[in-house]
Amino acid sequence: MLRTRAWLLSVAAWMRFFPIIAVIATGTAWPTANAVADHLPSNLAGDVIGAVVRIHAEVAQDARTAATLGPVREGNGVVIDSTGLILTIGYLILEADKVEVTDVHGRTLPAGVVGYDHDTGFGLVRTLIPAGITPLRLGDSTALRVGDEVLAVSHAGPTPVVPAQVVSRRSFAGYWEYLLDSAIFTVPPHPDYGGAVLVNSDGQVLGIGSLLVNDPAPGLPVGLGNMFVPVDLLPPILADMLETGRSGKPPHPWLGITTGEVNGRVVVTRATPDGPADRAGIQRGDIVVGIAGEQVSNIEDMLRKIWALGDAGIDVPLDVKAATGNDQGAPRRVVIKSSSRYHWLKLGGGL
């Protein structure tokens, strides 16, 4: 009882400074699309709602990501130029051979994949016929600070617009060999977060929705939240993505492992079939204790040590212990010939 009372007092204290958190704590209903008018000038509200589209993507049954991401994917995107170029989260359109977008008027337009960048997670598509949609401008996500008020907007649904607050800016390490240096975490969560757009009071794009997370602000009892990819990561790679379908930066070494953190250890939860780690003999349950003799403390630390060795194609000396092995024994060294994830994926359209 005392612990519960202390928790409630803590939440109440934080509500004084972050009122949006009260939505989670009290169960208040999320706002409807009319909330845009309460937070943006009427001319901007119309542009924001009009620029956010629905994305429907289909991939072949034998696509590499069909088993994990599904053969049919639905999410959101935002129009960012007058040619119908749409920024979205990459997992929606990865390996897609059919893409359609639906605008605010209910029109369904054919679209094609323009680019995908694994480092940021961004995806680009473009309508194949003129969309006639007023694009949104890219804002400055580097200026976002904890406590800033934003809007998370999806195409449609029962809660297409969610007023939110930034509760942390920090690094994010994904179990799929993915790392952001300064991701944006917001509360309350938008239920249709995939490709949802984060905008400021000027109607400018600040981020693209990626995940629902249970730790948006570590150490604070704020419940669920969203992780957004900062839009400032797009301009440095946009020209290359438009020209070649991907960033011009050399790809990081890819091992083909998914990992989790269990009791302070980095544990392999899956070795991608026919991926570099799978071919080297890495198995589910193996514990990664070091890279080239240097101890790793978490997934982020592991990725940074791997990437510091060089670009895709290098040999990565992984120090592992079997899950059933003697914890006190010496780890075994497994040298993995890394690859580029782009080479493993079945990407069409010149990607």
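The exercises below concern a predicted model, and each is followed by a worked solution.

**Exercise 1.** Determine how many helices and strands the protein chain has, and what share of its residues is buried.

Solution. Counting the secondary-structure elements gives nine helices and 18 strands for the protein chain. Turning then to accessibility, buried residues account for 49% of the 351 residues.

**Exercise 2.** Locate Glu95 and Ala292, and decide for each whether it is buried, partly exposed or exposed.

Solution. Glu95 sits in the loop that joins strand S3 (85-89) to strand S4 (96-102), and its phi is positive, at about 65°, although Glu95 is not a glycine. Because buried means under 20% relative accessible area, Glu95, with 7% relative accessibility, counts as buried. Ala292, in the loop between strand S15 (287-291) and strand S16 (294-295), also has a positive phi, of about 55°, without being a glycine. With a relative accessibility of 37%, Ala292 counts as partly exposed. As background, most residues other than glycine have a negative phi.

**Exercise 3.** Describe the peptide bond from Val187 to Pro188 and place Pro188 in the chain.

Solution. The bond is cis, its omega lying near -5°, while Pro188 belongs to the loop between strand S9 (178-187) and strand S10 (197-199).

**Exercise 4.** Identify the residues that Gly313 contacts beyond its neighbours within four places in sequence.

Solution. Gly313 lies in the loop between helix H8 (299-307) and strand S17 (315-321). Once those neighbours are set aside, its contacts are Lys337, Ser338 and Ser339. For Lys337, which is 24 residues away along the chain, the C-alpha separation from Gly313 is 6.3 Å.

Definitions and conventions. Residues numbered from 1 in each chain as written. Predicted model: local features only at pLDDT ≥ 70, side-chain atom pairs only at ≥ 80, totals over all residues. Heavy atoms only, no water. Helix = DSSP H or I, 4+ residues; strand = E, 2+ residues; numbered from the N terminus. Buried < 20%, exposed > 50% of the residue type's maximum accessible area, 1.4 Å probe, protein only. Contact = heavy atoms within 4.5 Å.
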